[in-house]
Amino acid sequence: MKQAKKVNQIVKVENLSTLTMALEKAHQIIKEETGAPSVTILVTRNLKGRKGHFTPFTPWSTNEGQAFNEIAFNLEHFANGEQLLSTLLHEVAHSLNFKNDIKDCSANQYHNAKFKSQAEALGLKTLEVKGKGHASTELTEFGAKRWSKALKILTDALALTATGEGSQKPKGRNTNLIKAECGDCGNVIRLSRSVLESGVSCKPCKVEFTEA
């Protein structure tokens, strides 16, 4: 297996199976305590801007007829284990509600009070997002303590996994743009990180854009 350069004396490996296996182990810990349904874990770089996603149906099945939901993660959004665990618990909350025939999210991703209740029971803090209900979640101190073993597994795996930063890409137009926002008027633009770091200002407000 090829190895990436050392970062803070930790050798990062290219193979994302390291983190996939860690997510599976963390999910198993949560599953055993909560009774959450079995799922297939998918690691990707394309979820249309979302950090994670739970499928409200069963796209996977075994030859014996056992069906599985799917939880997918976009690894470009995670800087630490707390963020990754928060998203895992967010999707587990959806899976528990799905198992119990509780509708907690609409087709346009509005997360209702039933999602809020299940998410908070798992150790998350929910925040309201305009038009999306209680869609934003953060790991609480209680959640970090309750799932400390899962958190360590994810933190260690994330430190060992290259998730795209500093990777070599083919020459040409860079389509991996980030979102930046004007702190005054709220105007949003997309641009490369290097351009943003060079300093880009909102003309009407004369305020520099910052990463959203």
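Contact means that heavy atoms lie within 4.5 Å.

## The model

This is a predicted model, in which local features need pLDDT of at least 70, side-chain atom pairs count only at pLDDT 80 or more, and totals for chains, interfaces and linings use all residues. Residues are numbered from 1 along each chain as its sequence is written, and side-chain values use heavy atoms, with hydrogens and water left out.

The chain has six helices and 13 strands. Helices (H or I, at least four residues) and strands (E, at least two) are DSSP runs, numbered from the N terminus. Of the 212 residues, 35% are buried; buried means under 20% relative accessible area, exposed over 50%, and partly exposed in between (1.4 Å probe, protein chains only). Among the contacts in the chain with a separation of 6 or more, 50% come from residues 24 or more positions apart.

## Helix 1

The 18 residues of helix 1 should span 26 Å at 1.5 Å a residue, and the 25 Å between its end C-alpha atoms agrees with this. The expected span of a helix is 1.5 Å times one less than its number of residues.

Leu19, Thr20, Ala22, Leu23, Ala26, His27, Ile29 and Ile30 are the buried residues of helix 1. They pack against strand 3 (39-44), strand 6 (67-74), helix 2 and helix 5. Just after helix 1, Gly35 has a positive phi of about 80°.

## Helix 1 against helix 2

Two packed helices are described by the angle between their axes and the distance between the axes. The axes of helix 1 and helix 2 come within 11 Å and cross at roughly 50°. That makes helix 1 oblique to helix 2. Axes are lines fitted to C-alpha atoms, for helices over the stretch in contact, and angles run from 0 to 180 degrees between N-to-C directions. Angles under 35 degrees count as roughly parallel, over 145 as roughly antiparallel, 65 to 115 as roughly perpendicular and the rest as oblique.

From helix 1, Leu19, Leu23, Ala26, His27, Ile30 and Thr34 meet Leu84, Leu85, Leu88, Leu89, Val92 and Leu96 of helix 2.

## Helix 5

In helix 5, the buried residues include Ala150, Leu151, Leu154, Ala157 and Leu158. Seen down the axis, the buried residues of helix 5 fall within an arc of 140° (taken from the directions from the helix axis to the C-beta atoms), so they line one face of the helix. Lys149 and Lys152 are exposed on the other side of helix 5. Helix 1 (17-34), helix 2 (81-99) and helix 4 (141-146) are among the elements that cover its buried residues.
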